[in-house]
Every structure is written in structure tokens, then in C-alpha cells.
Amino acid sequence: MAICRLKRVAADNKSDVRDRMPQAGKSNGKKVALIGGGPASLTVARDLAPLGYEIHLFDEWSKAGGMMRTQIPNFRLPESVLDEEVGFVTAMGIHTHFNHRVTSMKEVLSVGYDAVFVGTGAPKGRDLNLPGRSEASANVHIGVEFLANVAFGHTTKIGERVIILGGGNTAMDCCRTSRRLGGKDVRVIVRSPFSDMKASPWEIEDAKAEDIPILNNMPPKSFVVENGKLKGMIFEKVKAVYDEKGKRSLVSTGEPDEFVEADDVIIAVGQDNAFPWIERDLGIEFGNWELPKLNETTFQSTLPHVFFGGDAALGPKNIITSVAHGHQAAISIDLFLSGKDLMNDRPAPMTNLIHQKMGIHEWSYDSAVVNDLRFKVPHQKKELALKDLNTEVELGFSKETAFKEAQRCLNCDVQTVFTPNLCIECDACMDICPTACITFTANGEEEDLRNRLSVPAENKSQDLYVSEELKTTRVMVKDEDVCLHCGLCAERCPTSAWDMKKYMYSVTKASTIL
Ligand SMILES: Cc1cc2nc3c(=O)[nH]c(=O)nc-3n(C[C@H](O)[C@H](O)[C@H](O)COP(=O)(O)OP(=O)(O)OC[C@H]3O[C@@H](n4cnc5c(N)ncnc54)[C@H](O)[C@@H]3O)c2cc1C
Ligand code: SF4
Ligand code: SF4
């Protein structure tokens, strides 16, 4: 189900929600510095301000948002949406220090903050040091820097023929941005096979829909420069070969190298962390890939009152991971500043199971299974979308389509819950189950049990549900992988040994701990 698109419909149709947002709490006298204003730091601010912490947020740019503002293009994430969302946090009495690049952690620590959170992201775009790189430098751009320059209006045009090197989401944003800046012949060239591309399938689809070809199995060899001007690039032709352990090597196909003309080249082959501003004698230790040594549950560094989160903690990931880190780091900071143990006193997330029966044949959820495919989100017409950088491409579901899309939900949150001592082993549930996922049989080792079920359970990544021993010494075994959550077993069961219960999971947040 298109969860992200359904959340968008809810947001598109909301009224004024400001009074439902967390509010700053009464001062507790403690000060926390957040370095970087991306989603990780904003989450820490949102969770700690209600507890009365004085929050100081530093970012080198003039507004908060991090890469959501500086790298993700407006045609995918409109600035107005970002301003509103970020504004909910900054309106909580946060002390913002914008246009302030932090150049020394020593200086930050000397101010005497009770805790410091580092949410500076993974800002260093990787370069490719190939022959001709320095001679061609006027027309060679690093992907993340190029996108930031576009976001701030420093770059407003590009050549007609553009090569994008790389197969991740940054490459997709660079090629689509180039189309809007005047690029007519924009090509993405990937060194490995399509199947190894890191970009999300929908990002690739959107790029292709904007007439951007993606060429694969072509590692770049050199930049071609004539009279000081970039003319294009030379690529090798390779194929992927895998050894018996599945390790990939790219080997030449023997075909001649290919020259591809270009006015500009954008290198989008990955990002690295960079902490030149953290002095190495402060007690903050770094490990592989220049990443800080952290406890990955608490996000505490080797200097106890310094915490990391988001891309700065474990390397580049995505927004929701940064938010998750922010929630966990905020809990840790609050425990730390309350003199508690960061692991042993860590609160568990809220979970519960709620009975869904409303009558013998009635559930509080729609259990009909439909074969509808995912509904397509309407897109802006290509001619209009390519005209400028700010025209949003995805237009969002209408309320009606959103309703139909929501009806596709398979209710995986509704669990079949079995109570062994109520079961009289009549086998009625086994008979009625449309996918034959319930079996009553003698217990045994997992491998053996999997093969003795009514239908063998082949997906080994999905645990079997095995009950305790029943009166006849058999056990109930359920293959969760094929359950449709239709509720027929619970409807049919004469003793209510089966029940359908909705599972709730709520991530703990520092501000919800009482
Ligand atoms: C092109 C591109 C497209 C992406 N698209 C998506 C997407 O569609 N969906 C998704 O979920 N994720 C996407 N991501 C990834 C996502 O943007 C990041 O994972 C996320 O923003 C990381 O959040 P963060 O809070 O860790 O840091 P960031 O968002 O990187 O924010 C860090 C902030 O700290 C500032 N900063 C750094 N050093 C200093 C300093 N010394 N002093 C002051 N300020 C500093 C930076 O300028 C930045 O504003 C994309 C990334 C890129 C590059
Ligand atoms: S919910 Fe439906 S599919 Fe799942 S075990 Fe019960 S009868 Fe079978
Ligand atoms: S229908 Fe109910 S009582 Fe009968 S075997 Fe299934 S769980 Fe047990």
C-alpha cells in the first residue's frame, strides 16, 4: 500500500494543527546544543523542548531543514511544505543560530552546554580522480554541491549535453534538475548493471519519464578536454561476473571504449562523513570510514555528554532513519541529564493488542481481500513540470483515490491470537482457512515441522507460530507468511480460541516519558 502517499493526503487535507503540536515546557535549567539543522537535530529539539531544555540549534545555512532543503529538489519537496513542518519545531522557543558554521568542537564544549548533539549529516560528495579531471574542472560538478548551488540560486543553468555519473538517488535528482536548467541531452551513466543501481525504482521511473536514458555497465575512464574545454568522457564497456561466493567483478567485454559528448559532467557517486571541525584530542573517538565510535542504541559517543544522530552517526541513510536516531538520542540525553542509566533505564516502546470482534461475523476492520493494484499518483504534465525547478511533479491522491488505496490494506497489524486452553481440537479452523496456513500436528524440529504442514512453509525468513502442547499432545502450527488476516478462523471457532487483535506499536519519545 502507498503509505507515504496516504500520509500526504492526510497532510494535504489537514486544518490548522498548530495547537496539537508539542509545546515548550517550563525551563529545567539545562542547555543542549544541536550542531546541524537537519531532520535528526530537529527531532531532538522537538522531543527535548517540551521537557524544559534550552535548545541551541546551529546551522551553516539561513534556515533549518538540512538536506531536505539544500539537496532534495523543490519539484519533489516544495519549500512551503518544508517551511511549515520545520516551523512547528522552531516555533517551540528554540534558540536558532543560522548562518553559523561550527568550526571547532572545542569551542562548543567550552560554552558549558550540558549535552551536545551532532547532526551534521554526511556532507562530503565523493569525487572521481580520473585523467583530465583538473583540466575539465570548470564543467565538472559534485552532485550534492551542485544541488545545493541550485537550491540557493547560485547555479541557474547547465549545458545542453550533460552526463551524470552514478546510480543512486542523488544521481536521479541531479539528472532531473539538469533537465530543468536547460539540459536537453541528459544521460545517467552507471558503471555496473541496472540490477545493482541503488536508486529507488520509483526515482528511476520518474527520471526515465523525463526522457533521461540510463546506460549501464560503463565505468568512466577519463575526461576529454580540447583547448581547455570539456568535450566529453570515455567509458569502458564491461559486464558483471559473479564468483561462487556471489562477489561481483566488472570485466571488460572486449568492445572498444565509448566516447560520450558532454558540456557538463555531474559526479554523484556517493557521500562521506566529514568532521574536520572536531578536534581529535577531546575524547571523541572515530572508527572506520571516519565515523564516530558510538553505542548504536543510545547514540552516545566516547565523550559521555556528546551524542550523534542521523547521517553523521552511522553514514548516509534517509530522513526517517535520521528522525528515528533523533528520538533515541533525545531519550539518551534526557536520561543522561537526569542521572539515569542510558541502557538499563531506557523505556520500552508502547505495544498492545486490542480485540477486534464486533459480532459473530463482524470485525472493526474491512477484511475483504481485493486484487486491485496500487493506484497511480497523478503527475504534473511533463511540459509544465520541466519548465521550472519549483513545479511539483507529484500531485497527490484525491480523497476518493486515497480511500480506494487505503482499502487495499491487508490488515497485517491485525494478528491472529491463539489461546491453547480454549481449543477443543475440532479442526474447524483448519478446514475453513482459505490458505491452509493452520495445521494441527505433532511437534518437532523446525525443518521437519515446516515440511509436515498442510502446505509446506518455504519462506524461512518468516517464523512459524507454534502453540504449546494441546490435550491430544499435538500443537497448532501456523504459517504466518500466507495468512490473509481474513478472520475466518476466528469466526468459525466455536470456543473463541482464535481471536483477531489489532497490534499497536508506538516509538517511545523523550517527551512522552512521564
Ligand atoms: C540528493 C539527495 C536526495 C535525497 N532524497 C531523499 C528522499 O527522497 N527521501 C529520504 O528519506 N532521504 C533522502 N535523502 C537523504 C536525506 O536527505 C538525509 O539522509 C537526511 O537529510 C539526513 O539528515 P541529518 O539530520 O542527519 O543531516 P542533514 O539533513 O544532512 O543536515 C545536516 C545539516 O547540518 C549542517 N552542517 C554540517 N556541518 C555543519 C557545521 N560544522 N556547522 C553548522 N552546520 C553544519 C548542514 O549544512 C546541514 O544543513 C537524499 C539525500 C540527497 C543527497
Ligand atoms: S485469518 Fe484467515 S488466512 Fe489467516 S489463519 Fe485465519 S482463516 Fe487462515
Ligand atoms: S476451530 Fe477453534 S477449537 Fe476448533 S481447532 Fe480451531 S482453534 Fe481449536
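Guide: Welcome! A residue counts as near a molecule if its C-beta atom, placed from the backbone, lies within 6 Å of it. Keep that in mind as we look at this predicted model.

Visitor: What makes a residue part of the surroundings of ligand 1, and how many residues surround it?

Guide: The test is a C-beta atom within 6 Å of the molecule. For ligand 1, 38 residues surround it, and the closest are Gly-36, Gly-38, Gly-66, Gly-121 and Gly-310. Among the elements that give two or more residues to this shell are helix H2 (39-48), helix H7 (169-180) and helix H10 (319-337).

Visitor: What classes of residue make up the shell around ligand 1?

Guide: There are 17 nonpolar, 15 polar and 6 charged residues.

Visitor: Why is strand S13 called hardly covered?

Guide: A buried residue needs 20 or more other C-beta atoms within 10 Å of its own. In strand S13 (residues 248-252), the count of buried residues among its 5 residues is 0. For the protein, buried residues make up 32% of the 514 residues.

Visitor: How do you know that S12 and S13 pair?

Guide: Pairing takes at least two bridges between the strands. Strand S12 (residues 238-242) and S13 have 5 bridges, in the antiparallel sense, so they meet that test. Tyr-242 stands opposite Arg-248 in S13. The hairpin of these strands has 5 residues between them, and there Gly-246 takes a positive phi near 85°.

Visitor: What makes S10 and S14 edge strands?

Guide: They belong to an open sheet of 3 strands, in the order S10-S11-S14, with antiparallel pairing. Strand S10 (220-226) and strand S14 (258-261) are the edges: each pairs on one side only. From one strand to the next, the twist averages 30°. S10 and strand S11 (residues 229-235) pair over 6 bridges, and Phe-223 stands opposite Met-233 in S11.

Key
Residues numbered from 1 in each chain as written. Chains lettered and ligands numbered in written order. Predicted model: local features only at pLDDT ≥ 70, side-chain atom pairs only at ≥ 80, totals over all residues. Helix = DSSP H or I, 4+ residues; strand = E, 2+ residues; numbered from the N terminus. Nonpolar A, V, L, I, M, F, W, Y, C, P; charged D, E, K, R; others polar. Buried ≥ 20, exposed ≤ 12 C-beta atoms within 10 Å, placed from the backbone. Axes fitted to C-alpha atoms, helices over the stretch in contact; angles between N-to-C directions.
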